[in-house]
Amino acid sequence: MYDNLLANVPTDLWIGGQWKKASDGARFDVIDPATEKVIASVASATVDDAKAAVDAAQAAFPAWAAKKPRERAEILRKAYEIIMRDAERFAKIITVENGKALSDSRGEVAYAAEFFRWYAEEAVRNNGSVSMAPASGARIFVQHKPAGVAVLVTPWNFPAAMATRKIGPALAAGCPVVLKPASDTPLTMLALMPALEEAGVPPGVVNVIPSRSSGKVVSAMLHDMRVRVVSFTGSTEVGRKLLHEAADNIVKPAMELGGNAPFLVFEDADIDAAIDGAMVAKMRNMGEACTAANRFYVHEAVHDEFARKLTAKMAGLKMGNGLDDGVMLGPLVNQEGRDKVIELVEDATSKGAKVLTGGKAPEGVGYFYPATVLTNVSDDAKMLSEEIFGPVASIQTFKSEDEVIKRANDTEYGLVAYLYTKDISRGLRVSEKLDFGMIGLNRGLVSDPAAPFGGTKQSGLGREGAQEGMKEFLETQYVSMTW
Ligand code: NAP
């Protein structure tokens, strides 16, 4: 099964348009979380390799930045088309290294490719401005120039989309990149490189260096004066470290970090729509998403109906190898991820939570955990303050609007909140009071390449997607002129 699928997936480092071994020859294994089998051995970049990648990116920078926007746009558009042509292959690669069900992987591939199409369209709209200085009458001429070499660091939960969401705008802006993918899932990005080459991305413009020594390798790049941007998606803990490191050389940071999304269901909500939204907000990617609904707050008048209907849907999901037909719930990415879910559920039940479905990891091979619904979750349960990152829905009730807003905001995170109500004026009023970068109002999905994705508080800095996403890779230059 793997041979056919992975036969043509490269496993070395992609630097300056060539496949290279690690300078010390080191490699690491990639595991299929459904079978626990080793599926590939990938070169593990060293600090020297990272330097070589920055050399290659810097060398490619002037020519890439000087390309006409339309030329860059057409290369990005071609990349979109090639990914969609090979969508099924990319989806399967994602499933074997990450575990997610093939339907989730297919959705991710389309979402990932869309960042190239969107930024093909944005590459030609890097607009500046001219105005007159009010006092002196000088002209204020403003343009946005590519910032320089960008280091991109991505997580395992969306091996394709979290990377294309950075590569797309960086390339559109005229920046070359060095990408360090997550060690659990390096294959998807390695498999993408021949596609980018076919699309016409010149050597050195995109470099990919998987590494088991992430800390050292990324730190070395952030201390290289040629690196001007670091765009990171991952945990708040690692993001904070990288912000400290970026401070040394004043590297421009973009940080997409953790979340702890509340999902509010008001008494006037369309409950069936709320259930559909809940299934997406909770179960997209098996709950392994920064946007995953982590805390369900359901008005006491509709709690029983909501809990019953959600339980029925969750219990009906088929669990198994993500490649198999009809499977909607694959394994979690690794043993550590599953242990964390087991621990959080045990903690909640020991504090009085009632299990409506699931709640027990199966015996046998693979890092599986069943779709689980817990109600009567107590306020001190750890899962209310930590990211569950698994298929577990925790439900609490509320009585009033003010109370639920306060509880929803009572988190150090501020990525996304969801709310369901038929009263749109209430929906907007509550949205404004929720301290989150994104709101799903009667929607369980907010991710969209055309929308600014990002959070407040400890969920990060900056935005990805939309016009704003390209600004992370641009520096503003102003020329004061007179004639
Ligand atoms: P992670 O442990 O922070 O790892 C993310 C990336 O950082 C990986 O490539 C990892 O490499 C690398 N890394 C780890 N330690 C590092 C260090 N000291 N210096 C430099 N790089 C380092 O996060 P994860 O477990 O992969 O992903 C889950 C987290 O990502 C969750 O908190 C989730 O909420 C967040 N996330 C946020 C968003 C968003 O847009 N806000 C989207 C998706 C996920 P290795 O794999 O080699 O350790």
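Mentor: Helices (H or I, at least four residues) and strands (E, at least two) are DSSP runs numbered from the N terminus. The model is a predicted one, in which local features need pLDDT of at least 70 and side-chain atom pairs count only at pLDDT 80 or more, whereas totals for chains, interfaces and linings use all residues. Residues are numbered from 1 along each chain as its sequence is written, and side-chain values use heavy atoms, with hydrogens and water left out.

The buried residues of helix 11 are His303, Phe306, Ala307, Leu310, Thr311 and Met314, where buried means under 20% relative accessible area, exposed over 50% and partly exposed in between, with a 1.4 Å probe and protein chains only. These residues lie on the same side of helix 11 because they cover an arc of only 125 degrees around the axis, the arc being that of the directions from the helix axis to the C-beta atoms.

Strand 12 runs parallel to strand 13 and is joined to it by 5 bridges, and Pro262 has Arg295 of strand 13 as its bridge partner. Strand 12 also runs parallel to strand 18 (residues 416-420), to which 3 bridges join it, and there Phe263 stands opposite Tyr418. Two strands are taken to pair if DSSP finds at least two bridges between them.

Helix 10 is part of a right-handed β-α-β unit with strand 12 and strand 13; a crossover is right-handed if, with the strands pointing away from the viewer, the path from the first strand over the helix to the second runs clockwise. Helix 10 has 13 residues and reaches 17 Å from first C-alpha to last, close to the 18 Å expected at 1.5 Å a residue. Its buried residues are Ile271, Ala274, Ile275, Gly277, Ala278, Met279, Ala281, Lys282 and Met283. These buried residues pack against helix 11, strand 12, strand 13, strand 16 and strand 18, and also against helix 5 (102-122). Helix 5 contains Ala110, which counts as partly exposed at 31% relative accessibility. Ala110 is 7.5 Å from Ala87 in space, C-alpha to C-alpha, although the two are 23 residues apart in sequence.

Back on the side of the cover, the loop between strand 14 and strand 15 holds Ala371, which counts as buried at 6% relative accessibility. Leaving aside neighbours within four places in sequence, Ala371 is in contact with Met314 of the residues discussed above and with Met283, as well as with Leu317, Leu329, Thr357, Gly358 and Pro391. From Ala371 to Thr357 there are 14 residues in sequence and 7.2 Å in space, C-alpha to C-alpha. In the loop between strand 15 and strand 16 lies Asn376, which is exposed, with a relative accessible area of 55%. The phi of Asn376 is near 60 degrees, a positive value in a residue other than glycine.

As for the cysteines, a search of the whole structure finds 0 disulfides, a disulfide being a pair of cysteine sulfur atoms within 2.5 Å. Cys290 is buried, with a relative accessible area of 14%, and Cys175 likewise counts as buried, at 0% relative accessibility.

Note on methods
The expected span of a helix is 1.5 Å times one less than its number of residues. Contact means heavy atoms within 4.5 Å.
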